[in-house]
Amino acid sequence: MRHTPPMTDHLSGATKTRSLELRELSLSVPIEGEHVTAVAGVSLTLHPGRVLGLVGESGCGKSLTAQAMLRLGEHQGVVREGGDILLDGESLFSMDEESLRKVRGGHLSMVFQEPMTALNPVFSIGSQITEVILLHLDMDRNEANARALKLLQDVGMPDPEAVLKQYPDALSGGMRQRVLIAMAMAGEPAYIVADEPTTALDVSVQKRIILLLRNLQLDRNLGMLLVTHDFGLVAEMADDVAVMYAGQIVESGTVEEIFNKPMHPYTRALMGCRPEVTAPGVLMPVIAGQVPPPGSWPSGCHFAERCPLADDACLEPIAVDAWSDAEHQVRCVHAEAKIPELEVAI
Amino acid sequence: MSAPVTVLEVEKLTKSFRRGGIWGGGVTHKAVDNVSFALQEGETVAIVGESGSGKSTTARLAMRLLDADAGSVHLLGEEITSISGKELRIKRKDIQMVFQDPFASLNPRMKIVETVGEGLRVHQPEMSRQQRREKVAETLALCGIGDEALDRYPHQFSGGQRQRIGIARALIVEPKVLVLDEPVSALDVSVQAQILNLLKKIQAERNLSYLFISHDLSVVRHIADRVLVMLEGSVVEQGDVAELFSNPQHAYTQNLLAARPINHPRERQQPVSA
C-alpha cells in the first residue's frame, strides 16, 4: 500500500472528496465569427472511486466538455451559455483566478492525449513535477524533490532518479505519458480528467498505461472522467458510461448495462462497427452519413437523420431520460424497438 | 482459379540510417533488416508493428521512395531497385500510396480536381483538361464522392471524405498495387468502417493488391489475407491471417495480441502492478 497523505492535509479550501458535478452545461464555440452551441445541456457527476467513460466520435463535444470541467478552453473562445460546474456544491464560475489555480491540479487535474506537447521541452522532468507539488502542497524544496521521486516510482518509471534530471525529449511516448500521470497526481487531486490518455501510444504501451491508471485510480480512490472514442478502453476502465452525440448525452448507465443492453440506436451502431466485433473479410455495418456539425443540428433528435428507427416522434426534442430505469437512461423514444439490420453502406 | 500472379516481390531489403553525429560519427541503426515477402494479385498483405519497427520504411523501400542499401524489389516481374529517372516514374504508375493523414497529403491550395488529377498529367499527358476532369469525377464517384467536390478545397471536407479523396488520387492512374500506410488510424470507428468497406469494394472490382501498414491488429485481422509482424527492423513472424491470430508462434506476436483492447468489461484482468 502506498503512503498517500490524507486528502485534506495540505490544502486550503474545502474538503475534497464529495462530488464534481456538471449541471445542464451548455457551451458555445466561435465558428466563422459566430457563436454556435457545441455542448447542449450536459449533466455528468463524478464520484470518488469511480471512472466515468465519456464516449463519442470527433466533433461530438466530448473534449470541450472535459476541458470545461477545469474551465479550460475559455481563452480559445469557448463561452458558457448556461448551466454550472459544481465542486462540492461550489460553482467553478464563482471562483477567482487564484482559487481556480488551486482547484486545477489540487482538486482535479488533467492527463492529455499528446504527451510530447504537454511537457515543456526546456525544463527537466524533476523541475516540472516539483513545480506542481510546490504550487499545491505545503512542502519545501527537499520534500518536494523526495515526493517527485516517489511519484515517478508510483507510475512505474524505470530508473526514476536518472529520469528526474532528464529532459522530455530523452523519453519515449509511453514514459512521457507516465511523467504526465505523475504530474497529474502531484497535487493529490480527488478527480482526474483523462482525455484519450492512450490514443497516441503503441498498442503494447497502451495496455500498460491503462493498467497503471486503473491501479492509481483504485489505490487513491480517484474520481475519473475518461474521455475516449474507443469502447475497448471503456470496457477496460469505466464503471459508468455516458455516450455523447452532437453535443448531447444520448445514453448513460453502468458499464455492464451499456455493454449488455445498449439501447440508443447510435450506441448500438457505434459498438457494431468496431472491427473487433465483425467477422474477418466481410463488409462492416456502418452508420450512413456524418455527424452534423454544431450549428446544423436538427431541432428534434440529433441522430434522427441517420437513424433506422426515426419517425415523426423524433422531430420533437427528446428528453435525456425518454427511457430510463435505475441504472440506465436513454435519449430515445424508440429505445426498446428492434433495430433492423444495419445497412452495409459503402 | 488460375495460378497466383505475383505483383510485388521484395527480397532481402536492408536499410540503415545514421543517428546523431552532425559532423560525422553517430550510430548506425538498421531500420530494415533482410526483409522479404511477396504480394499476389488481389491479395492484402499487412505489415504490423509498433513505432520504430521499420514497417513504414519497408513500405517506402518497396515503392522506391527510399533507396535500399541491399536487396531487390520486383514490380510486375521487373526489377525496380536499380532504375531511375523517367523509367522509375513510369513504373510508379503501377504502385501508388495512400497516407495516414489525408489532410497533410493533399495540397491545401489545390482544388480537388487538380489534386486528384495530378497523376494523370504525369502518366497520361495526352489527356485534355476536360478528359481529365471526367476521369477525376468518375474515380471520385467510385470512392463515394460526388462531383460537387471537384472545385472545392481540402479543408472543406471531413477526415473521412479526405481519405476517400486520397484513395481516389492513388487510384486515378489505375495502379496494380496500393500501399496503404495507416489509412484508417486517424479516423473515428464509424468512418473507419466506411473506409475499410470502400477498400474491399475497390479491391474486388479492380483486382488490386494492397500492402497495408498498420499498428492496429483488429483492423488487420479484418482486412488482411496474410500478415508480417515486424520488430526492430526484422520480420519475426509471417503467415495466413487466421492462423497467425489463432496460433501466434513468436513471443512478440503473442504480446501484441494480448495487448489488444477487450470487447466487454467481463474480460478485464484483475488489477495487478503495472
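Strand β4 (residues 79–87) of chain A is joined to β5(A) by 2 bridges, and the two run antiparallel. Strands here are DSSP runs of E with at least two residues, helices are runs of H or I with at least four, and both are numbered from the N terminus. Within β5(A), E90(A) is the bridge partner of L87(A).

This is a predicted model, in which local features need pLDDT of at least 70, side-chain atom pairs count only at pLDDT 80 or more, and totals for chains, interfaces and linings use all residues. Residues are numbered from 1 along each chain as its sequence is written, while chains are lettered from A and ligands numbered from 1 in the order in which they are written.

Step back to the sheet. In chain A, 4 strands form an open sheet in the order β2-β1-β4-β5, with antiparallel pairing. Two strands pair if DSSP finds at least two bridges between them. At the edges stand β2 (34–46) and β5 (90–91) of chain A; each has a single partner strand, so one side of each lacks a neighbour in the sheet.

Now the core. The largest nonpolar core holds 170 residues, and those touching the most other members are L52(A), A182(A), L225(A), L226(A), V179(B), L211(B) and F212(B). Helix α6 (residues 173–186) of chain A gives the largest share, 9 residues. Such a core is a set of buried Ala, Val, Leu, Ile, Met, Phe, Trp, Tyr and Cys residues joined through C-beta atoms within 7 Å. A residue is buried if 20 or more other C-beta atoms lie within 10 Å of its own, exposed if 12 or fewer, and partly exposed in between, with C-beta atoms placed from the backbone. Not counting residues up to four places away in sequence, L225(A) touches L46(A), L52(A), L54(A), A66(A), M69(A) and V193(A). Contact means C-beta atoms, placed from the backbone, within 7 Å.

Turn to chain B. Chain B has 10 helices and 10 strands. Buried residues make up 42% of its 274 residues. Its C-alpha atoms fill a box of roughly 60 × 50 × 50 Å along the principal axes.

R132(B) sits in helix α5 (residues 129–142) of chain B. R132(B) counts as buried because it has 20 C-beta neighbours inside 10 Å. Beyond its neighbours within four places in sequence, R132(B) contacts G117(B), L120(B) and M127(B).

Definitions and conventions: Two residues are in contact if their C-beta atoms, placed from the backbone, lie within 7 Å.
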